[in-house]
Amino acid sequence: MTTFDDARVRVEELRELVSGYQAAYYERDAQLVSDAEYDDLVRELDELEREHPELQSQDSPTQTVGGGVAEGLRPIEHAERMLSLDNVFSIDELREWCAKTEASAGRRVDWLTELKIDGLAIALRYEHGKLVTAATRGDGRTGEEVTQNALQIDGIPAVLAGEGHPPIVEVRGEVFIPVAAFRELNEFQASLRPRAVEEYRARWEARPAASRGAFDEDAELARATKRFPDFANPRNAASGGLRQQLEKKSGLEREAGELRLHSLQMYVHGIGAWPSPPVASQSQVYELLAGWGLPVTPYAKVAASVDEVVEFVEQYGAERHSVEHELDGIVVKVDELDLHDELGMTSRAPRWAIAFKYPPEEVHTKLLDIAASV
Ligand code: NAD
């Protein structure tokens, strides 16, 4: 057990580190450490706060939803808070969480198992079936408006199909860039560099010969590479793509921005601000949303036992690379909606869902990528 004074110093240090990494990740789409390192720091902080309850604080990153509103984007208040998810990192922890949840529910429950898409959350507010606003999660209460960009995403309808739409519903989903589209995006970035060099050359040629010196091809290519770098990973490319202000871009930047926007896709994973949907389970919510023309993941499955949940987790642990998008784990949800209300939520996450995080892969390569992008 750490002494109180040591714990206090370390808690402060961890909060500062984690807040800095969050600001880079959510507001600037930059990743300064790997997700696994970030998760380890949050976990260490959580353990210290549990060991020394006097050090707990409502503003700690363990109690809040990470994210904010970047400068230049319009803040939008969500009709219902958008939460994060608590994590487990082993099958034993997952089984323990399922057992605890069933004990709190006082009955056996059905589970809904889904892939945890490595993207960013979006809230689509539909009023009487019409899309009114789209927003990122932000700090969970206030997000960033991205309506114009969202309307460009394949699969996000401006008007819902079917009938019987509620006066207000917030459809929540994950925006991501599929792995194949991400590869093409980076190829396109690379193809913009020689075009940028040609632009620099044309500008150089337009200057009087006496004042222009020699054209340094290598230096100009380095400048173009800085302007159109490789994206480090699909998640950060998706976040920047959804939150970009395309109307302020022109020339090659605009071409790059348009492709980035058109590489985005979305799968829905929840609803908010609809107090009594006419269905009894989360899996039926997805059927309803699919009927309205919204894109639902093909990878969700109802599991009737914890063993089936574990089977799903193990299956996708082995088949992770056969999926069209990156995933960093599995989300396990209680399927029955009446239990969502009963189990409730903490300040940052629902008690009826958990994220199982897979152990990191190829940490070395990924870190090199991350360092190259910052
Ligand atoms: P999270 O990403 O671990 O989990 C919550 C989110 O999962 C939800 O908001 C939702 O957007 C998403 N999600 C994806 N698929 C889903 C599905 N099927 N159903 C429901 N939700 C689904 O939590 P977070 O609070 O957004 O971020 C924390 C995580 O982000 C960390 O664990 C780390 O992986 C990463 N992060 C990394 C850094 C870094 O510097 N490397 C910094 C901040 C955050």
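A crossing of two helices is left-handed if the near helix is turned anticlockwise from the far one by less than a right angle, and right-handed if clockwise. Keep that handy for the first stop.

You're looking at a predicted model, where local features need pLDDT of at least 70, side-chain atom pairs count only at pLDDT 80 or more, and totals for chains, interfaces and linings use all residues. Numbering starts from 1 along each chain as its sequence is written.

Select residues 4-28, helix α1, and residues 35-51, helix α2 (helices are DSSP runs of H or I, at least four residues, and strands of E, at least two, numbered from the N terminus). Their axes come within 10 Å and cross at roughly 145 degrees (lines fitted to C-alpha atoms over the stretch in contact, with angles from 0 to 180 degrees between N-to-C directions). The crossing of α1 with α2 is left-handed. Now show side chains: Val11, Leu14 and Tyr21 are among those in α1 that meet α2, whose partners include Leu41, Leu45 and Leu48 (contact: C-beta atoms, placed from the backbone, within 7 Å).

Next, jump to Lys116 in strand β3, residues 111-117. An unreviewed UniProt entry puts an "active site" feature here, though such annotations may be inferred rather than shown by experiment. Is Lys116 buried or exposed? Lys116 counts as buried because 21 other C-beta atoms lie within 10 Å (the cut-off is 20 or more; exposed is 12 or fewer, partly exposed in between). Beyond four places in sequence, select its contacts Leu327, Asp328, Gly329, Ile330, Val331 and Ala355.

Last, colour by pLDDT (the predictor's confidence in each residue, 0 to 100): residues 364-374 stay under 50.

Methods. Two residues are in contact if their C-beta atoms, placed from the backbone, lie within 7 Å.
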